[in-house]
Amino acid sequence: MKMVIDHLNFTKDTKLFPIIGYPMGQSSASYAYNPLFAANGIDEIMFPIEIPVGKLDDFMAAFRTLGLKHFSLTMPHKSAIIPYLDEVDEYSRIFNSVNIVKVNENGKTVGAGMDGRGNMAAIKMANVCVKDMHVFILGAGSIVGVILLELAKEGARKVTLVNRSIERAQTLVQTVRQYTSMEIVCLPFTNENLDKVAAECDFFMQATPLGLYGYPEDHSYLGFLDKLKPEAVVMENIVNPPMTTMAKRALKLNHKVIYGVDMMIGQLGAIFEFCYGYRPKNEHLDMAKRSVYQYFGIE
Ligand SMILES: NC(=O)c1ccc[n+]([C@@H]2O[C@H](COP(=O)([O-])OP(=O)(O)OC[C@H]3O[C@@H](n4cnc5c(N)ncnc54)[C@H](OP(=O)(O)O)[C@@H]3O)[C@@H](O)[C@H]2O)c1
């Protein structure tokens with residue numbers, strides 16, 4: 001889909017703010033960022049660029065040559081970018097996940113991962129409080145470490161991770177244990193485990209690419225959603241499509257559903273603060289959210 005920008009107004013000083021990934025699918029981030037830039041008088045334009053695996057060398061050379069100040073990144077570059085950067089904060093380095101890079105006042109490239117903060121911001125925007133909750137997370141990939149830390153910070157009682165590779169989940173938990181004593185249990189990805197944990201949890205969070213636009217697989221079994229308590233909250237981390245088969249089924253079962261789009265929007269405040277030193281006004285964040293919702297044709 002082509003973007004229509006009614007504020008396209010640039011000079012030789014206007015900087016490109018690329019968002020890089022591969023493949024990019026229908027990248028929606030520019031629909032959130034560009035209206036925010038316009039509303040805040042920031043002379044940058046976000047533009048999605050596909051950078052294949054193995055091409056970060058070339059991208060970083062171009063970034064420097066063009067004198068750009070910021071870029072955002074998504075899969076598959078979130079961990080591969082780290083060796084190219086001068087500074088990365090402790091958690092982003094430990095969990096191998098950077099999704100925003102800036103050039104600071106000393107000319108150093110500084111990276112940070114905002115997925116954990118964005119995820120929790122989306123939960124709070126939905127007026128959900130995870131304190132004392134048992135959270136069931138499907139997946140144990142790059143975003144889950146920082147999400148676990150946020151859940152611990154907000155007082156979640158217990159998290160159960162169900163993952164295809166139990167070893168990966170256990171390794172992640174070992175790392176997280178250095179920072180929190182929250183109870184975390186890992187189980188293999190079987191239909192029996194999905195049913196069992198769904199029946200016990202207060203909050204189900206989908207953190208795999210199953211159902212993601214362009215991903216070859218979707219969930220082969222969603223019957224576990226029928227086992228959730230009626231008041232259980234459901235969160236889908238996938239941005240595109242905004243309404244996955246999982247989210248549709250959870251909505252049909254009348255659960256409160258938090259969408260991946262909200263996690264992307266939830267990161268905006270923190271990313272702005274990281275890049276420009278201040279949080280945008282709430283009315284501007286709302287406008288960015290409306291722009292992305294409109295792009296996806298959702299209410
Ligand atoms: N809303 C946002 O702003 C936002 C931001 C970042 C990411 N996301 C979304 O969050 C999801 C997870 O991201 P990530 O960076 O953590 O991904 P990741 O590091 O690639 O991890 C993928 C996870 O999904 C599991 N998985 C993949 N294919 C599977 C399959 N066919 N069957 C069962 N499990 C499967 C993997 O299990 P194994 O460990 O067994 O491989 C792993 O736990 C993605 O869909 C991504 O699009 C959203």
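Of the 299 residues in the protein chain, 43% are buried, a residue being buried if 20 or more other C-beta atoms, placed from the backbone, lie within 10 Å of its own. This is a predicted model, in which local features need pLDDT of at least 70 and side-chain atom pairs count only at pLDDT 80 or more, while totals for chains, interfaces and linings use all residues. Residues are numbered from 1 along each chain as its sequence is written.

Next, select the ligand. The shell around the ligand comprises 26 residues, the closest being Gly141, Arg164, Ser165, Thr208 and Met263; a residue belongs here if its C-beta atom, placed from the backbone, lies within 6 Å of the molecule. Helices H4 (115–125) and H9 (260–276) each supply at least two residues of this shell, and H9 gives the largest share, 3 residues.

Now select H4. Which residues of H4 are buried? They are Asp115, Gly116, Arg117, Gly118, Asn119, Met120, Ala121, Ala122 and Ile123, that is, 9 of the 11 residues in the helix.

Finally, select Asn127, which follows H4 and has a positive phi, near 60°.

Definitions and conventions: Helix = DSSP H or I, 4+ residues; strand = E, 2+ residues; numbered from the N terminus. Buried ≥ 20, exposed ≤ 12 C-beta atoms within 10 Å, placed from the backbone.
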